[in-house]
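Please have the sequence and the model open while reading.

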Amino acid sequence: MSDIGQTILRVEIGDTPAGRLDKALAAAVPEEAALSRSRLARLIAEGAVTKDGAPVTDQKAKVEPGEVYEIALEPPKPVETVAQQIPLTVVWEDEDLIVIDKPAGMVVHPAPGSEDGTLVNALLHHFGGNLSGIGGEARPGIVHRIDKDTSGLLVVAKSDRAHHGLAAQFEKHTVHRHYSAVVYGVPDAGDPRLRGTRGVSFEAGNVMKVTSQLARHKTDRQRQAVLFEGGRHAVTRARVVEAFGGVAALVDCWLETGRTHQIRVHMAHAGHGLIGDPVYGGKRKLPPKAVGEAGAAAAAAFPRQALHAATLGFLHPVTGEELSFSSPLPADIEALLDALRAGEN
């Protein structure tokens, strides 16, 4: 330990190292240090990695077996976000991670306009300030997010080792996530309009598959846009669970990739936007003849996108245990479904 609070990690390169420094260090650092290759690359660039007392700032520098490097790690920086006593529905918790059933209306991470009342504020209070450093910052490890007005399951890392392990699973798309959504129309393989929609196809079991690139909209930075060149690859699948008068449906959506607003924008691209979605849902109205006056009114008045993160499955990043969680539909979506059912002819 140095006199300014740094931790000095001594790393010896193994007998068969990768050809470049960042890869070799990533393979050689002890697992409990939980230093990802990307963080090591930043440390190298910042001059925090030395050999024989001299900084090595080229992450592509060649390494030799038996070389010894020292990595200077700053203590985790305290966050300015304040802890707030906000009720949380905890589905699972151990020393490495926590699974939360987030209510609609809660922002995950503080941002301009939403500085408090967020999931992070609630977690800071829940943890009692006893946080591990995530990426060099003492804060809960937000590995993935769900939109403010989407309810449901979210996993958060409590340690660096869990953060890196979960992040790797999300990056490899091995995390299993299913969402329940209430949409306009009923996706069906027999619909000629869908057969002619670019990026839309059907798989066995009447499963609709939407494949595209996604990127920020050119003129509205709050929106995502479907592209077929550039952007980030995105794949969504959807299967009808229950149909209502031929004009609306409860669908099970699952993600092959996880992009911002992915389900919302993909379902809208297919012509089946989410009921209540103020950004992508359009101003469609359900015909009372199909779902009754109460059903049509319930859909028109629904105050958020009707989307719920219903199941979440992954391998525990430390123990390797296979974990799977489910969350029942919240009361507002159940009430919407009841109204739609009651109004069917």
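In α3, the buried residues are L119, V120, N121, A122, L123 and L124; buried means under 20% relative accessible area, exposed over 50%, and partly exposed in between (1.4 Å probe, protein chains only). The model is predicted, so local features need pLDDT of at least 70 and side-chain atom pairs count only at pLDDT 80 or more, while totals for chains, interfaces and linings use all residues. Residues are numbered from 1 along each chain as its sequence is written, and side-chain values use heavy atoms, with hydrogens and water left out.

Helices (H or I, at least four residues) and strands (E, at least two) are DSSP runs, numbered from the N terminus. The cover over the buried residues of α3 includes β7 (97–102), β10 (141–142) and β11 (151–157); contact here means heavy atoms within 4.5 Å. At the N-terminal end, T118 caps α3, with a side-chain oxygen 3.3 Å from the backbone nitrogen of V120. After α3 comes G128, which has a positive phi near 65°.

The chain is divided into three domains, whose bounds come from an automatic or database domain assignment.

| Domain | Residues |
|---|---|
| domain 1 | 7–73 |
| domain 2 | 89–172 |
| domain 3 | 176–343 |

The centres of domain 2 and domain 3, taken over C-alpha atoms, are 24 Å apart. Their contact takes 24 residues from domain 2 and 23 residues from domain 3. About 1800 Å² is buried between domain 2 and domain 3, and carbon and sulfur atoms give 64% of that area. Buried area is the accessible area (1.4 Å probe) that two parts lose on being put together, summed over both.

Across the interface of domain 2 and domain 3 there is 1 salt bridge, meaning a side-chain nitrogen of Lys or Arg within 4 Å of a carboxyl oxygen of Asp or Glu. The side chains of R264 and D147 form a salt bridge at 2.9 Å, N to O. On the side of domain 2 that touches domain 3, the elements giving two or more residues are β6 (90–93), β7, β11 and α4 (160–171). The largest share of that side, 6 residues, comes from α4.

C253 sits in strand β17 (residues 248–255). C253 counts as buried because its relative accessibility is 0%. Leaving out residues up to four places away in sequence, C253 touches R177, H178, Y179, A181, R237, A238, I263 and M267. Between C253 and L307 there are 54 residues in sequence and 9.6 Å in space, C-alpha to C-alpha.

Methods: Polar contact = N/O pair within 3.5 Å; in protein donor to acceptor, adjacent residues only side chain to side chain.
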